[in-house]
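Hello,

Here is the structure I promised to pass on to you. Have a look at it first, and then read my notes below.

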Amino acid sequence: MNEVQTRLAGLIAVQGRRSASSLHRELGQILWNDCGMERSRGGLARAVQAIPALRERFFAELFVPGSGEEFNQELERAGRVADFFELSELMCRDALAREESCGSHFRVEYATEQGEAKRNDGEFAHVAAWRYAGDGVAPVSLREPLQFEAVPLTERSYR
């Protein structure tokens, strides 16, 4: 079996009692509550802990009806949801590392006295990417500074 077939067979073999959709909704609720438009250090830290725990439950509780021998939308959905765990955890880790409010993502700890987003361009004018470091190992953040020549950095105000 190739790697994809092995992965799909593994999803079918779990034989738990929960659908991929129900576990997907649970993941979505974590993201909505703790990594939405308004975020906090505590909520993001909670999400970084909750997502791997939910991933473990996914691989213990998942039920995929049918087999991998025919068109199986539930198997397709389960594969996508399995991928969402890694993406969700990285998104929360990145948001936790970014100690500022910027754009539409508001960290409650980083607000002006008027309640506006408080940027920290000195430390966070960069693009971040995350490198896989192995199963059970925290990913490594890679950063590339941004250069602004034509448009100066300014704080956004909605007042």
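In what follows, two residues touch when they have heavy atoms within 4.5 Å of each other. Please also keep in mind that this is a predicted model.

With that in hand, let me start at Leu62. Leaving aside residues up to four places away in sequence, Leu62 touches Leu11, Val14, Gln15, Gly16, Arg18, Ser19, Ala20, Leu23, Arg57 and Ala78. Leu62 also belongs to the largest nonpolar core, which has 24 residues. Within that core, the residues that touch the most other members are Ile51, Phe58, Leu62, Ala78, Phe85 and Cys92. At least two core residues come from each of helix 1 (3-13), helix 2 (20-34), helix 3 (41-61) and helix 4 (73-97). Helix 4 gives the most, with seven residues. As general background, nonpolar side chains in soluble globular proteins tend to be buried together.

Next, the aromatic rings. There are two aromatic pairs in the structure. In one of them, the ring centres of Phe58 and Phe59 are 4.9 Å apart and the planes meet at 85°, so this pair is edge-to-face; the cut-off for that label is an angle over 60 degrees. Phe58, Phe59 and Phe85 together form one aromatic cluster.

The structure holds one cavity of 30 Å³ or more, and the volume of the largest cavity is about 40 Å³. Which residues line the largest cavity? They are Asp94, Ala97, Arg98, Phe124, His126, Ala128, Ser141 and Arg143. Helix 4, strand 3 (126-131) and strand 4 (140-145) are the elements that give two or more residues to this lining. Sorted by class, the lining has three nonpolar, two polar and three charged residues.

Last, a word on Arg39, which sits in strand 1 (residues 38-39). Arg39 counts as buried because its relative accessibility is 11%, and the cut-off for buried is under 20%. Not counting residues up to four places away in sequence, Arg39 touches Asp34, Leu44, Ala95, His105, Phe106, Arg107, Val108 and Glu109. Ala50 lies 11 residues from Arg39 along the chain, and the C-alpha atoms of the two are separated by 15 Å.

Best wishes

Notes:
Residues numbered from 1 in each chain as written. Predicted model: local features only at pLDDT ≥ 70, side-chain atom pairs only at ≥ 80, totals over all residues. Heavy atoms only, no water. Core = buried A, V, L, I, M, F, W, Y, C linked by side-chain atoms within 4.5 Å. Buried < 20%, exposed > 50% of the residue type's maximum accessible area, 1.4 Å probe, protein only. Helix = DSSP H or I, 4+ residues; strand = E, 2+ residues; numbered from the N terminus. Phe/Tyr/Trp six-rings, centres within 6.5 Å; stacked < 30°, edge-to-face > 60°. 1 Å grid on protein atoms, 1.4 Å probe; cavity = no way out; pocket = protein on both sides within 12 Å on 5 of 7 lines; lining within 4 Å. Points joined across faces, edges and corners; volume = space filled by probe spheres on them. Nonpolar A, V, L, I, M, F, W, Y, C, P; charged D, E, K, R; others polar.
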